[in-house]
Amino acid sequence: MTEVKSPEVPAPPAAVPGELSPGRRRWHGVRPWLPLAALAVAAILPYSTVSLPGIFEGPLNSPGTLQLLAVCLVFGGLAAGYDLLFGRTGMLSFGHALYFAAGVYGTDILVTRAGLPLWQAALLTVTGATILAALLGAIALRTIGIAFAMVTLAFAQVGAILVARDFGGWTGGEEGLPLDVSGLPSALVGVTNTVNLYWLALAYLAVVVFVVHRVSGSPTGRVLAGLRDDERRIGVLGLDPYRFKLVAFTLAGGLAASGGVVYCLIVGGASPHITSSELTLSLLVMVVLGGPGTRWGPVLGGILYMYLDHRLTAFGTSDAVESLPAFLSHPLSQPLFVLGTVFILAVYFFPGGLASLTSRLTPLRTALTPRRPH
């Protein structure tokens with residue numbers, strides 16, 4: 001019997017994985033350089049005379065705009081440092097503002113009251129605040145969960161009381177303590193030198209992001225991620241969770257104190273509101289808004305939050321809001337109401353924060369991209 005052979009059908013070409021396609025390869029080759037490109041753009045921003053009406057009150061190189069951007073950059077770094085605790089280690093601290101306030105008041109007191117040069121005051125302040133974080137962390141980390149949050153809150157409240165009561169006549173009480181600029185370098189004094197403060201804030205943000213990313217990518221960072229997911233498993237592996245959490249707590253406190261030094265120079269002094277627990281809650285909102293545990297989410301959340309916090313005050317008193325009916329103008333004139341609404345909507349529609357926008361928009365971008373014929 002004759003065997004009938006079926007005609008050979010050529011096999012279809014193998015599909016190229018998406019990550020190996022030419023477009024994806026080019027994107028992965030460019031992606032590592034994007035942070036450096038963003039840093040370069042931010043560094044040359046003060047040379048721009050572009051005006052953005054409604055977004056900033058003056059040109060990008062105006063002192064008012066540069067000061068606002070400098071404050072936003074400081075809080076972007078502060079949120080990234082707090083994310084080392086909350087997003088990457090899973091520790092909910094309600095007292096992180098204490099170390100930021102220690103940086104602000106420590107610098108101000110040592111320069112204004114003690115008459116020390118700025119570099120000595122900054123070095124002593126950051127060192128002292130880091131030691132303070134280590135000591136208080138050693139006590140607070142004996143507890144876990146909500147008890148840990150309450151202990152850190154109690155420590156922060158003690159600091160707030162000492163500042164408000166003008167302990168030892170050093171803090172200025174409720175009126176705050178203006179910074180004596182006579183002891184500062186001339187490059188950091190005056191409206192014309194606001195650009196130098198902006199660059200200082202940008203350098204602080206870059207250092208914090210670098211430190212946090214290096215720690216997160218190190219073996220210690222992997223242990224911290226394990227503590228966030230399952231602390232008992234880390235203990236079973238023979239590692240000491242307490243010691244690793246204390247390292248993260250101390251490092252985050254030192255980074256916050258460094259931000260306090262820069263913030264003191266930008267605003268020209270210290271005020272009691274930075275010691276309140278509301279600041280720590282604001283940091284928590286910044287991290288959640290940006291995306292906890294992500295690379296750039298907390299930075300974006302901190303910058304956006306502080307920008308809205310400053311600009312919504314001007315928005316609430318604008319003619320456009322005042323011309324609205326009373327049932328709209330009254331709530332819109334309250335910055336916290338608008339900010340809270342924005343936060344609720346962001347959390348509802350983007351549970352992963354701003355960092356999840358890329359993944360959430362990918363299906364839409366794929367659907368809208370026309371397919372090439374084979």
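Author: The dialogue below turns to pockets and then to annotated spans. The model is predicted, so local features need pLDDT of at least 70 and side-chain atom pairs count only at pLDDT 80 or more, while totals for chains, interfaces and linings use all residues. Residues are numbered from 1 along each chain as its sequence is written, and side-chain values use heavy atoms, without hydrogens and water.

Reader: How much space lies in the second largest pocket?

Author: Rolling a probe the size of a water molecule over the atoms shows where empty space is left. A pocket is an open set of points on a 1 Å grid over the protein atoms alone where a 1.4 Å probe fits, with protein on both sides within 12 Å along at least five of seven lines. Here the second largest pocket holds about 720 Å³, the volume being the space filled by probe spheres set on the points. Its lining has 29 residues, and closest to the centre are His273, Tyr305, Met306, Asp309 and His310; lining residues have an atom within 4 Å of a point.

Reader: Which helix gives the most to this lining?

Author: Helices are DSSP runs (H or I, at least four residues) numbered from the N terminus. Helix α3 gives the most, six residues. Among the elements that give two or more are also α10 (241-267) and α12 (297-316).

Reader: What does UniProt annotate at residues 68-85?

Author: The unreviewed UniProt entry marks this span as a "transmembrane region", although such annotations may be inferred rather than shown by experiment. In the model, residues 68-85 are 100% helix, with end C-alpha atoms 26 Å apart.
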